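Hello,

Here is the structure we spoke about. My notes on it come after the files.

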Amino acid sequence: MESLSWDYILKYVLLGDSATGKSSLLIRLTDDRFDMTEPTLGVEFGSRIISVGEEGKRVKVQCWDTAGTESFRSITRSYFRGAAGALLVYDVTRRESFEHVTSWLEDLRKYADENVSIILVANKLDLCSSTPETIPSIQYGHPFPAPETPLDTSFSRSPSPTPAPESAHQANLSQSKDYKPRQVTQMEGALFAKQHGLLYVETSAKEGWGVTDAFEWTAREVLDKVKKGEMERKKPGGVKLNETEQSTRGGCC
Ligand SMILES: Nc1nc2c(ncn2[C@@H]2O[C@H](COP(=O)(O)OP(=O)(O)OP(=O)(O)O)[C@@H](O)[C@H]2O)c(=O)[nH]1
Ligand SMILES: [Mg+2]
């Protein structure tokens with residue numbers, strides 16, 4: 001059973017168009033399963049302790065999973081405030097959801113704290129790719145190749161995306177009834193992220209690819225900012241440091 005001790009509590013928000021997989025990503029993180037989901041009404045909550053960085057800091061991520069439906073937008077915006085991390089999710093097989101990322105980002109910049117760490121999450125990779133092996137070089141702190149640099153999958157990776165389980169899943173993906181063509185390339189996603197100062201990750205909530213990475217890389221960036229003094233200890237409310245060496249409290253929630 002997971003120990004209840006933590007070094008930091010970070011508040012996260014998940015945002016993006018409806019049906020991009022936000023709730024599925026959160027369920028994969030908290031329960032490690034993929035299940036039927038209903039559209040979120042307003043917001044849902046989930047939390048888990050993850051180990052972050054080489055020091056293995058124990059970070060409790062407390063996630064507010066917001067509804068992508070337009071009618072909830074004014075409610076969901078109110079959850080952006082005080083978030084230390086944000087997962088901005090789109091569906092790689094639905095271009096429209098990528099085109100709306102700009103508007104979600106504007107909301108985030110407007111309503112969240114200025115030093116919120118944001119990761120752009122390209123989800124549903126399993127629908128168009130057999131493995132996450134084609135993820136480009138993603139180096140923490142230098143996540144993307146320069147715009148003029150062609151993608152080179154032999155680049156070093158640090159941290160590595162969660163390896164795909166070797167399975168028959170993709171052998172005949174293109175023949176499968178589930179197959180959908182990819183509508184947003186890796187380069188487009190990665191470049192958008194680079195241009196806007198976001199981290200970038202490709203995920204499949206269904207297969208579990210990259211999901212923990214998305215939360216962990218964001219937490220790493222937040223902790224780096226804390227280390228550099230860019231965030232006060234308890235401000236914004238989205239970062240809480242455990243004052244004792246080994247707390248056995250779960251803190252709040
Ligand atoms: N194949 C595949 N399907 C996914 C994945 N993630 C989510 N889905 C499916 O996409 C649909 C929408 O997923 P949700 O997690 O409910 O999407 P959401 O972004 O939370 O949607 P709202 O709550 O309406 O904003 C569901 O049918 C999921 O099963 C994925 O990685 N791969
Ligand atoms: Mg949802």
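Predicted model: local features only at pLDDT ≥ 70, side-chain atom pairs only at ≥ 80, totals over all residues.

Helix H6 covers residues 211-227. At 1.5 Å a residue its 17 residues should span 24 Å, and the end C-alpha atoms lie 25 Å apart, which agrees. The buried set includes the charged side chains Asp213, Glu216, Arg220 and Glu221, along with Val211, Phe215 and Trp217. After H6 comes Gly229, with a positive phi near 80 degrees.

H6 packs against helix H1 (residues 22-31) at an angle of about 85 degrees, and the two axes are 9 Å apart. Because angles of 65 to 115 degrees count as roughly perpendicular, H1 is roughly perpendicular to H6. On the H1 side the contact is made by Leu25, Arg28 and Leu29, and on the H6 side by Val211, Thr212 and Phe215. By class, that contact has 4 nonpolar residues, 1 polar and 1 charged. Two of the H6 contact residues, Val211 and Phe215, are also on the buried list.

H1 turns up again at ligand 1: it supplies the largest share of the shell there, 3 residues. The shell has 20 residues, of which Gly21, Ser23, Thr37, Thr40 and Gly68 come nearest. Its make-up is 11 polar, 5 nonpolar and 4 charged residues.

Regards

Note on methods
Residues numbered from 1 in each chain as written. Chains lettered and ligands numbered in written order. Axes fitted to C-alpha atoms, helices over the stretch in contact; angles between N-to-C directions. Helix = DSSP H or I, 4+ residues; strand = E, 2+ residues; numbered from the N terminus. Parallel < 35°, antiparallel > 145°, perpendicular 65-115°, else oblique. Contact = placed C-beta atoms within 7 Å. Near = placed C-beta within 6 Å. Expected span 1.5 Å × (residues − 1). Buried ≥ 20, exposed ≤ 12 C-beta atoms within 10 Å, placed from the backbone.
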